Amino acid sequence: AYLLSLQIGHEEHKLPANIPSAPVEQADSATVQKLKDKGIIILPVAQNSNYLSANFITATNVDDEDFALLLPLKKQLVWLKCGDTKIGDSALNYIAKCDNLTFLQLDNTEITDKGLQQLASLHQLQSLNLVGTNITADGLKALKGLKQLQSLYLYQTKINKADWVELQKLFPKTLIDSGGYNVPLFPNDTVVLKAPAY
């Protein structure tokens, strides 16, 4: 696996190498503030980095159109977490334009196969979480051109058991997780995950 060591305080943490190596200018502070005013958590992905993560976990009054606020940050935005929100396909119109994204969580949202097609433009994407959505194997076929995709999380989706072999052929270099026990987190998350009840 590609690992990147980041020195944070006195502890060394191993993170996926999903931060671009090319330098990028600092994000516009007024834009960042607009997002923070909506309850969206905007943080640098590493010390001394202008690349950003956006987390919608505490944004309670956000609708699909609010995702347009991300567009001025599309150069800097590499990690986007909007799981457990009520967003639908029209939010993906904006997310698809953030083409530096390497890490995207859409778990437990209302997206569908139709919206998923728009994500075919995210050629830097390495990790995609679709846990608990209504997507099917047919929708995922639109993403087969994402050559950087390393991890695909598909627990509790509408994918049939018979489709798993075909999906592995479509994504031969991708770890496809159907079990729900390995849900990715941002490195700075402190959430404790409980094993799903069967």
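D99 sits at 36% relative accessibility, so it counts as partly exposed (buried is under 20% relative accessible area, exposed is over 50%, and partly exposed lies in between, with a 1.4 Å probe and protein chains only). This is a predicted model, in which local features need pLDDT of at least 70 and side-chain atom pairs count only at pLDDT 80 or more, while totals for chains, interfaces and linings use all residues. Residues are numbered from 1 along each chain as its sequence is written, and side-chain values use heavy atoms, with hydrogens and water left out.

**Around D99**

- D99 belongs to the loop between α2 and β6. Helices (H or I, at least four residues) and strands (E, at least two) are DSSP runs, numbered from the N terminus.
- Leaving aside residues up to four places away in sequence, D99 touches S121, L122 and Q124; contact here means heavy atoms within 4.5 Å.
- D99 and Q124 are 25 residues apart along the chain, yet 6.9 Å separates their C-alpha atoms.

**The whole protein**

- Going along the sequence, you read β-β-α-β-β-β-α-β-α-β-α-β-α-β.
- There are 198 residues in the protein, and 46% of them are buried.
- Take the contacts between residues at least 6 apart in sequence: 54% of these join residues at least 24 apart.
- The accessible surface is about 10,800 Å², and carbon and sulfur atoms own 51% of that (Shrake-Rupley method with a 1.4 Å probe).

**The sheet**

- Seven strands form an open sheet with mixed pairing, in the order β3-β4-β5-β6-β7-β8-β9. Two strands pair if DSSP finds at least two bridges between them.
- At the edges you'll find β3 (41–44) and β9 (175–177), each pairing on one side only.
- From one strand to the next, the twist averages 10°. Axes are lines fitted to C-alpha atoms (for helices, over the stretch in contact), and angles run from 0 to 180 degrees between N-to-C directions.
- As background, strands of a sheet pair through backbone hydrogen bonds, either parallel or antiparallel.
- β3 and β4 run antiparallel and are joined by four bridges, with I41 opposite N55 in β4.
- β4 and β5 run parallel, again with four bridges; in β5, K81 is the bridge partner of N55.
- β5 (residues 77–81) and β6 (residues 103–105) pair in the parallel sense over three bridges. Across this pairing, F103 is the bridge partner of W79, and L80 stands opposite L104.

**Which side chains go where**

- In a regular strand, side chains alternate between the two faces of the sheet.
- In β4, L52 and A54 point one way while S53 and N55 point the other, and all are buried.
- β5 is mostly covered, with five of its five residues buried.

**Helix α1**

- Which residues of α1 are buried? They include T31, V32 and L35.
- These cover an arc of only 100° around the axis, so they end up on the same side of α1. The arc is that of the directions from the helix axis to the C-beta atoms.
- β3 and β4 are among the elements covering the buried residues of α1.
- After α1 comes G39, with a positive phi near 90°.

**Nonpolar cores**

- The largest nonpolar core has 45 residues, of which I95, L106, L119 and L140 touch the most other members. A nonpolar core is a set of buried Ala, Val, Leu, Ile, Met, Phe, Trp, Tyr and Cys residues joined through side-chain atoms within 4.5 Å.
- Two or more residues of this core come from each of α1 (29–37), β4 (52–55), β5, α2 (89–95) and α4 (137–140).
- Which element gives the most to this core? That's α2, with four residues.
- L119 touches L92, I95, A96, L104, L106, L128, L143 and L146, not counting residues up to four places away in sequence.
- A second, separate core has eight residues, including I19, V24, V45 and A46.
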